[in-house]
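Here is a short briefing on a protein model. Look over the sequence and the structure, then read the points below.

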Amino acid sequence: MFHFARGQRSSFIDKIGDWFQTKNDTAYIEDHTKDLTTRFFGSRKYNYYDIIDRKRKTEVMYRPNTPFNVGFGFNYKFIGINVAFNLPFINSTDRYGKTRALDLQAHYYLRKLVVDFYGQRYKGYYIANSRGILNGFDEKGPLPVRPDIRNINIGMSVEYVFNDKKFSYRAAYLQNEYQKKSAGSFLVGGELFTARMKGDSSLIPHNMTTQDFINGINYSGTSIFSAAANAGYAYTFVYKQHFFLTLSLSGSLGGNYTRLFRDDENDLRRFGIQLNNTLRASIGYNSSKYFAGIHYVNLTTRSQAPVERTFQTIGAGNFRISVARRIGLKRELF
């Protein structure tokens, strides 16, 4: 058993505290968290599910028909609120079917940490790559839809930002900071995810052109639990102090436990390798008062399945266009 003297314990706690303390380099980052940042935006959240047979070089890609929403929001200090509305006339169900969704994914950009939370429940998918993999598919007609398929996806990823004094995620994604010079940072962290896909019948289409896709196995549902460690790098290119491009890529390695549910035979279960990645990209214009840009976040979880040379990919993401204005306040609201 290890014992720490009071001085040693305080020193250890202080060192942990130092990891999370931050102070911007004002030559690189202009802090506007005490200003009122208002924005108008359009966004689309989504998830997806792919079944990949590497031996036969074939995959089935399920996609939901998610809406494009418009809304407004604001940030002040540690508070951020966005309200969005669906515009039905933008989102057609004739070709892609109808999807019902509750998508609570959120991305928290702290100075030293980035926390991504995914809480999704979707019902209703279509097969996006029907051409070439399905017999009898009419390219001029609607895509094959599966209104019975439903998904639950819950997970969280945390990354530590090393160079927070000069590099800012907030500038690109929250608009309450302004990065004036090019800089980047290494990232490291971990993530946990659990997901479940379920249909009233087999998730493998009955009319596939590929013979013995995933060894001819049929299953009506799958559940996956995974844990992984991640590492990556992020960089913001700044041109003439105002035009920027932020790129970030993290890769994860870990393990998963996967179960395939079969109606007439025993379920298949297996521990396997987990390979995830998170891509972030943002481009636009930033200044002390104004912001206009496009930003994108995409998570891909790749889980080894209980069938030889087979993987299941479950992903989630958010695409957003934002225009923001920062308003300086004469005194703090709180």
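Of the protein's 334 residues, 48% count as buried, where buried means under 20% relative accessible area, exposed over 50% and partly exposed in between, with a 1.4 Å probe and protein chains only. This is a predicted model, in which local features need pLDDT of at least 70 and side-chain atom pairs count only at pLDDT 80 or more, while totals for chains, interfaces and linings use all residues. Residues are numbered from 1 along each chain as its sequence is written, and side-chain values use heavy atoms, with hydrogens and water left out.

**Overall build**

- The protein has two helices and 16 strands. These are DSSP runs numbered from the N terminus: helices are H or I with at least four residues, strands are E with at least two.
- The C-alpha trace spans about 65 × 65 × 35 Å along its principal axes.
- Contact means heavy atoms within 4.5 Å. Among contacts between residues at least 6 apart in sequence, 72% join residues at least 24 apart.

**Surface**

- The accessible surface comes to about 17,600 Å², and 59% of it belongs to carbon and sulfur atoms. Accessible areas come from the Shrake-Rupley method with a 1.4 Å probe; for residues, only the protein chains shown count as cover.

- Strand S16 covers residues 310-327. It is mostly covered, with 13 of its 18 residues buried.
- Strands pair if DSSP finds at least two bridges between them.
- Strand S2 (residues 36-53) pairs with S16 in the antiparallel sense over 18 bridges. Here Phe 41 has Ser 322 in S16 as its bridge partner.
- Strand S15 (residues 290-304) also pairs with S16 in the antiparallel sense, over 15 bridges. Ser 303 stands opposite Gln 312 in S16.
- S15 and S16 form a hairpin with five residues between them. In the turn, Arg 309 has a positive phi of about 55°.

**His 32**

- His 32 lies in the loop between strand S1 (29-31) and S2.
- Its relative accessibility is 8%, so His 32 counts as buried.
- The side chains of His 32 and Asp 35 are joined by a polar contact of 2.7 Å. A polar contact is a pair of N or O atoms within 3.5 Å; within protein, one must be able to donate a hydrogen and the other to accept it, and residues adjacent in sequence count only if both atoms are side-chain atoms.
- Leaving aside neighbours within four places in sequence, the residues in contact with His 32 are Thr 37, Asn 176, Glu 177, Tyr 178, Ser 288 and Arg 326.
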